Amino acid sequence: MATIDEMSEELGIDREDVIEFLGVFVDYTENEDLPGLKSAMDSADISGVRKRAHSIKGAALNLQLSEIASLAERIEKTASAGSLEGVEAMYSDILELMNSVRMLLK
């Protein structure tokens, strides 16, 4: 995962803005999208899984968090194919990567 300074350079925005955007991403993803994704997974709501994964993917792509975006895209594609196979493991991987993003903010 890139550093704050690398992200600032790649995104072409100030370091402080990167920190603010990452903070918003972490807050929203951890309080809305990930719980919603988990709930949809638990209830086998394939449409809900696809929608939440799509939301996570888009937000992660905007911040060039490619590993999170890639996992979310894989979840989205799996759900779009009508399956939830392997989604739990990918969800766990996203949780681990979110820890890395949180550590960037410290």
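This is a predicted model: local features need pLDDT of at least 70, side-chain atom pairs count only at pLDDT 80 or more; totals for chains, interfaces and linings use all residues.
Local features need pLDDT of at least 70 and side-chain atom pairs count only at pLDDT 80 or more, while totals for chains, interfaces and linings use all residues. Residues are numbered from 1 along each chain as its sequence is written, and side-chain values use heavy atoms, leaving out hydrogens and water.

**View 1. Helix 3 beside helix 4.** Here the axes of helix 3 (residues 46-62) and helix 4 (residues 66-80) come within 8 Å and cross at roughly 155 degrees. (Helices are DSSP runs of H or I, at least four residues, numbered from the N terminus; axes are lines fitted to C-alpha atoms over the stretch in contact, with angles from 0 to 180 degrees between N-to-C directions.) That angle makes helix 3 roughly antiparallel to helix 4, a label for angles over 145 degrees. Residues meeting here include Ile46, Val49 and Ala53 of helix 3 and Ile68, Ala72 and Ile75 of helix 4.

View 2. Lys57 is found in helix 3 and is buried, with a relative accessible area of 15%; buried means under 20%, using a 1.4 Å probe and protein chains only. Leaving aside neighbours within four places in sequence, Lys57 is in contact (heavy atoms within 4.5 Å) with Ala69, Ala72, Glu73 and Glu76. Its side chain joins that of Glu76 in a polar contact of 2.8 Å, that is, a donor and acceptor pair of N or O atoms within 3.5 Å.

**View 3. Gly23 in helix 2.** Look for Gly23 in helix 2 (residues 15-42). Gly23 is buried too, with a relative accessible area of 19%. Gly23 and Leu104 lie 81 residues apart in sequence and 9.9 Å apart in space, C-alpha to C-alpha.

Notes: Helices (H or I, at least four residues) and strands (E, at least two) are DSSP runs, numbered from the N terminus. Buried means under 20% relative accessible area, exposed over 50%, partly exposed in between (1.4 Å probe, protein chains only). Angles under 35 degrees count as roughly parallel, over 145 as roughly antiparallel, 65 to 115 as roughly perpendicular and the rest as oblique.
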